[in-house]
Amino acid sequence: MKNFTVESAAITHIGSIKDNNEDNYYINGKYKADYEVDTEAFAEKKAYESYTYAVCDGMGGESYGELASLIAVATLAKFPKEDFRKNINNYLASASEFICDLIRKDEKRRSGTTIAILNIQGKTAVAYNVGDSRVYFCRKGKLYLLSKDHTDPETENKLTRYIGILPGDAGVEPHTSKVIKLKKGDTFLLCSDGLTDGVSNSDIAEIISSTNEAATLMAKQLAAAAQEKGGKDNVTVLVVKVS
């Protein structure tokens, strides 16, 4: 991307009533490598030919959720950045199989993770998601949801699709956004439901559009907003800014 500088920042936080942080993040190969770490922040401003970002929200209790989200991002790091869009389904299938292997070792425990992904190549961006972690896009103060929640509203928003779901239950096909032609000032937000359960879309849009600063400051303000609204669940926010 010769015409743009892409800046990113992630914050993951345990929340106020959780015993562990089952979330994880991914920024061009960097992720929370120690699943026992409760809170972590990372920022980057570099030039690549291809950029990949992700947020995962693990589930399963004890250490299983943390392991599932860690497997998802660690597997992502092993996939080539080039032609990522052609390999998205292969990546999801591989990550899901690794998590299923973890489940098979303990027949009494189910495990899995959601994932929200943003891929930037050249001057375009595409978002993918499995589960209810989200990707937002903000341009000139207007916020757009690029992801689609895979939940069943009749069963208290139970997930209908996630990485690690056992074969025969459902697939792990992602929702794929339209291709976005990037412009200077475009901002993307990837987040777990620890943010969206307490902070409205209008509040998210206001924070992003009123913060004409670095991605790090946006991420801090969004994470702080989640805490101010109760902050009971793990929360992870990842801001990507084209400047």
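This is a predicted model: local features need pLDDT of at least 70, side-chain atom pairs count only at pLDDT 80 or more; totals for chains, interfaces and linings use all residues.
**Exercise 1. Glu49**

Locate Glu49 relative to the strands, classify Glu49 as buried or exposed, and state what contacts Glu49 makes outside its neighbours within four places in sequence.

*Solution.* 
1. Glu49 sits in the loop that runs between β4 (40-46) and β5.
2. Its relative accessibility is 70%. The cut-off for exposed is over 50%, and therefore Glu49 counts as exposed.
3. With neighbours within four places in sequence left aside, the contacts of Glu49 are Ile120, Gln121 and Gly122.
4. As a further distance, the C-alpha atoms of Glu49 and Val73 are 20 Å apart, the two residues being separated by 24 residues along the chain.

**Exercise 2. Aromatic pairs**

State how many aromatic pairs the model contains, and classify the pair formed by Tyr51 and Tyr53.

*Solution.* 
1. Ring centres must lie within 6.5 Å to pair; by this rule the count is six aromatic pairs.
2. For Tyr51 and Tyr53, the distance is 6.5 Å centre to centre and the angle between the planes is 15°.
3. Planes under 30 degrees apart count as stacked, and the pair of Tyr51 and Tyr53 is accordingly stacked.
4. Tyr51 and Tyr53 are both buried.
5. Tyr48 joins Tyr51 and Tyr53 in a cluster linked by ring pairs.

**Exercise 3. Helices α4 and α5**

Describe how the axes of α4 and α5 are arranged, and which residues make the contact.

*Solution.* 
1. Helix α4 comprises residues 201-210 and helix α5 residues 215-228; their axes come within 10 Å and cross at roughly 155°.
2. Angles over 145 degrees count as roughly antiparallel, so α4 is roughly antiparallel to α5.
3. The handedness of the crossing of α4 and α5 is right-handed.
4. On the α4 side, the contact is made by Ile204, Ile207 and Ile208; on the α5 side, by Met218, Gln221, Leu222 and Ala225.
5. Sorted by class, the residues of this contact of α4 with α5 are six nonpolar, one polar and no charged.

Note on methods
Residues are numbered from 1 along each chain as its sequence is written. Side-chain values use heavy atoms; hydrogens and water are left out. Rings of Phe, Tyr and Trp (its six-membered ring) pair if their centres lie within 6.5 Å; planes under 30 degrees apart count as stacked, over 60 as edge-to-face and the rest as tilted. Buried means under 20% relative accessible area, exposed over 50%, partly exposed in between (1.4 Å probe, protein chains only). Helices (H or I, at least four residues) and strands (E, at least two) are DSSP runs, numbered from the N terminus. Contact means heavy atoms within 4.5 Å. Axes are lines fitted to C-alpha atoms, for helices over the stretch in contact, and angles run from 0 to 180 degrees between N-to-C directions. Angles under 35 degrees count as roughly parallel, over 145 as roughly antiparallel, 65 to 115 as roughly perpendicular and the rest as oblique. A crossing is left-handed if the near helix is turned anticlockwise from the far one by less than a right angle, and right-handed if clockwise. Ala, Val, Leu, Ile, Met, Phe, Trp, Tyr, Cys and Pro count as nonpolar, Asp, Glu, Lys and Arg as charged, and the others, Gly among them, as polar.
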